[in-house]
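This briefing covers one chain and the interface it forms with another. Please look at the structure first, then read the points below.

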Amino acid sequence: MLELEGLHSFYGRSHIIQGISMRVAPGEGVGLVGHNGVGKTTTLRSVMALGPRTRGRIAFEGRELRGAAHARARRGIGFVPDAEAVFADMTVEENIRTGALLGPRREHRRCLDTAYELFPVLGERRAQLGGTLSGGQQKMLSLARGLALRPRLIMVDEPSEGLMPINVDLIARALKRAVDEGTGVLVVDASFQLLKTVCSRVYVMKQGVITGEHDLDEFTTADRLVQTYLKGEAG
Amino acid sequence: MGESVAVAALNGLVVGASLALVAAGLSLLFGVLGILNFAQGDFFMLGAYAVWLALANGLGFWLGVAAAAVVVGIAGGLGLMAMLWPLRDRAHALVLLATLALSLILQQLASNVFGADAKPVAAPIDARIPIGSHDYPVYDLVVVAAAAIILAGGFVFLKYVRYGIWLRAVAQNQRMASVLGVPVFRVYALTFVISLGLAAVAGSLLAPLVSVYPTVGLDINLNAFIVVIAGGLGNFRGAAAIALALGVVEALGAIVIPGQAVQLVVFGFVIVLLIVRSQRQRVLVRL
């Protein structure tokens, strides 16, 4: 489904991603872990053509990914950034409809129903402005909006950051459901609970390179996983 | 006295309604693309000439209004977009200078092609209705009604229509809209077309009231900038509401303050608005 081969990414002269290769299959949850600033978010942004200049191969479903972000979204790739993902002056319902409007009219209702089913609190607040939701609810809204479009691959950046455990659980279950329904999920997150629920594999990243690929089953505790990416190699 | 106030208020509504159309377009362009278009008033002027040309060629007034909206909106909108697109990631000052240059070019072109003299345009409706001892022109009320319908249509478009919702999304967070698959380039193009189309329609509707000459858009451009700043940059509804209020305040002020001194009332009104807005902003920040 998603294949990165020898991907390099640059912001100006800064060489952020230095030749990484990875893959995500349909119906597979894959984690990308590592310290802050090692290039995890830049990897996701590179796939979505959101800023960095790239070199190397980014392929989706066997075909090279080209064009701007909206063209990539239309090929079936969803991206949920870690911040500023919600249209603050639009209602919850309008936020969800913004993406849904690309599809046929009969799909609009289904998108809304899916989002409200995943996170019932959004249904209760459908007329509320996105910017007035709590941080956790905004995370839910951006994820629900991304999942409701039924992308074939969804990339999620730090979905659990700053959330209470109960909300992390809700988000993890929503992503797990997407995996079970055949969506490829690439998630950048530090929550062991979330990674264990959603992913079967993790890539460990350090200073712009992939230093390891592991089955999640190798790690019985969060500490073991943290040790692994602190060292940048299997612990 | 009561009649004079009513008539002045109606006059204010006429000015405010057309100003609202120009300012709404200006506000839209700034909200979506961050562009302050100094040539907005010149597209008002082109709209007025479209009506004059239509009448001169026996095509009728309303066809002229439609032509102003479509031809000036599409050709002007896409032309302005083509001109400003290469400057989109450059300093704002360059964009401002480019639109200022376009404004001067359009005025000079209009002067060369049509002459510098004011050309009268006959209103399509001669009827008048009595307001007390005054006979008020029906056409002036038609201008207010037409502007109200267009602005209400604009509101419905932004609230419920697919491209309207996308336009708001792009204005708030272009990157996120793009990630959701919104065709951002097409939204930009539509914004240019709507923005200049609104200015052209305003010019065509107001042509019978102001006559047509190359610099007819200058005053309304200045007022539109005041309205957009007071109403909140990028705020479509705010711009429309402030324009109407400004028109009425100016007209009512003219009853007691003669001549150009009435502008003091207008600017005083704008200063009060800005103070109120800035206090509301501080409250929001505190929350």
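How many salt bridges are there between chain B and chain A? The count is two, a salt bridge being a side-chain nitrogen of Lys or Arg within 4 Å of a carboxyl oxygen of Asp or Glu. This is a predicted model, in which local features need pLDDT of at least 70 and side-chain atom pairs count only at pLDDT 80 or more, while totals for chains, interfaces and linings use all residues. Residues are numbered from 1 along each chain as its sequence is written, chains are lettered from A in the order in which they are written, and side-chain values use heavy atoms, leaving out hydrogens and water.

**Interface of chain B with chain A**
- In one salt bridge, B:Lys159 pairs with A:Glu94, and their closest N and O atoms are 3.0 Å apart.
- Contact (heavy atoms within 4.5 Å) links 19 residues of chain B with 24 residues of chain A.
- About 1,900 Å² is buried between the two chains, 60% of it from carbon and sulfur atoms; this is the accessible area (1.4 Å probe) that two parts lose on being put together, summed over both.
- B:Gln172, B:Val179 and B:Leu180 supply 31% of the area that chain B buries against chain A, more than any other three residues.

**Chain A**
- Of its 235 residues, 54% count as buried, meaning under 20% relative accessible area (1.4 Å probe, protein chains only).
- The C-alpha atoms of chain A fill a box of roughly 45 × 40 × 30 Å along the principal axes.
- Residues 24 or more positions apart make up 64% of the chain A contacts with a separation of 6 or more.

Technical notes. Buried means under 20% relative accessible area, exposed over 50%, partly exposed in between (1.4 Å probe, protein chains only).
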